[in-house]
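Okay, everyone, thanks for coming.

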Amino acid sequence: MWFLHGAFVSLCFWGVISRWSSFELCVLPGCGRRGGGAGGREGESDLRGGRMNKTKRATSGVENGEKGGDGGLIGVDDSALASAISNGEDLGPFIRAAFEIGRPESLIHQLKGFVKKKEVEIEDLCKLHYSEFIRAVDELRHVLLDADELKSGLAKENKQLQLVGDGLLTMLDSLIESHGTKKNLMGAIDSLKICTAVVDLCMRVNDHVLENGYYPALKALDIMERDYMPVLPARALRQLLERQIPVCRAHIERKVNKEFNDWLVHIRSVSREIGQLSIGQASSARQREEELRGRQRQAEEQSRSGSKECVYMLEMEDLDEDDSQLKFDLTPVYRAYHINTCLGMQDQFREYYYKNRQLQLNSDLQISTAQSFLESHQTYFAQLAGFFIVEDRVLRSAGGLMSSARTEQLWESAISRMTVVMEDQFSRMQTANHLLLVKDYVSLLGATLRRYGYQVAMPRLYINHCIVWFFCLMYVCQMRTWQKV
């Protein structure tokens, strides 16, 4: 408390001194311009005006005292002046009033007296609180020293902090830049991995196409389009793939269709051999059956005659024909159908296959005019047999490429066309032997196709028709012989 009290006293002391110094600066210039009683009043005549009543305190503070020998005012009220000074009010009205009445000396005298009075009070106050004031000043000096030390220490710590902070900021900038570089590098690595995988798939597609592995090539294209195209970062590569993938698929489709068309040409040329081999097998089987029935009849006759030397020699032979010799390749058909299924064009390929095979059948059903039917009937029926043997294999192994209804439709159309051809050719035959040759081969054709599940009721009608024509021709031949006799 003594420290605060002493500081307060010192501040009050210095505040009073500075205020009275300002009063002296304001008053003394006016005193210098006075120059005498009448001269002063003439010099200050311009200050007389309408501003005399500006402040009620100033006008009431000036006393209309007794007239002296020279006719001036005696002075200003001390209490009003002291109150104005204590309250920190403006002393301009008092000074103006003193100059207006022409007695500034009295105001200066009053001010000096007030100053002396306050100096005495200040001296008494300082004497009363001298020790506290001294201690307060000493404490203040110590505080100032501590503040200087604290300031210097704070400046030193701040400088060190700035040095450390600058290094940390530099490292932070480097760290942020490194993180950005790392992020960019990781993105570039991921992009390169995707691009590398896409390029690898492209190379695999090219290898598969060169090796005729069309299905793996299509699967690789599907993987590329489904998994990699949406996330491929390289725009130029993505645009290139968008253009080339359809081109590659179209190329695969053309290659497969070309192989299939080549197969169509090849299978037509080998159908005759297939038919001849199968009809030969049917002929051998019929011959074995006849031999077996002959032996059986012989054994039965010997059994009925009671001969003791009868020995049953019935050999059980496999009557089923061995189809291992009927070798023809359907791989191009399977491949073309599978690839078109992968491309979503299985229905179009089914129609394409059916129409082409129908055209081939119509071509096979036409009779060659280069030679007689008697000479070409075996190749004619062998070609038809080979055609339907191939169709049976396609029906059973191609996985839905041909339906049973369409195969039956082809068979019925072939039967109707053969009916017309055979009726026409039978009507032109002149001998029964020729008719028997054709009838025998037609029966072998029926037996051959029966083994593959075709309905042969219509060829039996043709055979019956042949028999009728045979007896007619026999009758005609006998009539001609009798006429000659």
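Two housekeeping sentences. This is a predicted model, so local features need pLDDT of at least 70 and side-chain atom pairs count only at 80 or more, while totals for chains, interfaces and linings use all residues. Residues are numbered from 1 along each chain as its sequence is written, and side-chain values use heavy atoms, with hydrogens and water left out.

Confidence overall: the average pLDDT is 76, and 74% of the residues score at least 70.

Now the fold. We've got 15 helices and 0 strands; those are DSSP runs numbered from the N terminus, H or I of at least four residues for helices, E of at least two for strands. Of the 485 residues, 30% are buried, meaning under 20% relative accessible area with a 1.4 Å probe, protein chains only. Residues 24 or more positions apart account for 75% of the contacts with a separation of 6 or more.

On to the inside. A nonpolar core here is a set of buried Ala, Val, Leu, Ile, Met, Phe, Trp, Tyr and Cys residues joined through side-chain atoms within 4.5 Å. The largest has 69 residues, and Ile252, Trp263, Phe381, Phe388 and Met418 have the most contacts inside it. Helix α9 gives the largest share of this core, 13 residues. Met418 touches Leu365, Tyr380, Phe381, Leu384 and Leu445, leaving aside residues up to four places away in sequence.

Let's zoom in on one helix. α8 runs over residues 214-228 and reaches 20 Å from first C-alpha to last, close to the 21 Å expected at 1.5 Å a residue, that is, 1.5 Å times one less than its number of residues. Its buried residues are Tyr214, Ala217, Leu218, Ala220, Leu221 and Met224. Down the axis of α8 they fall within an arc of 160°, so they line one face; the arc is taken from the directions from the helix axis to the C-beta atoms. What covers them includes α7 (130-210), α9 (235-305) and α10 (331-342).

Conventions: Buried < 20%, exposed > 50% of the residue type's maximum accessible area, 1.4 Å probe, protein only. Contact = heavy atoms within 4.5 Å. pLDDT = per-residue confidence, 0-100.
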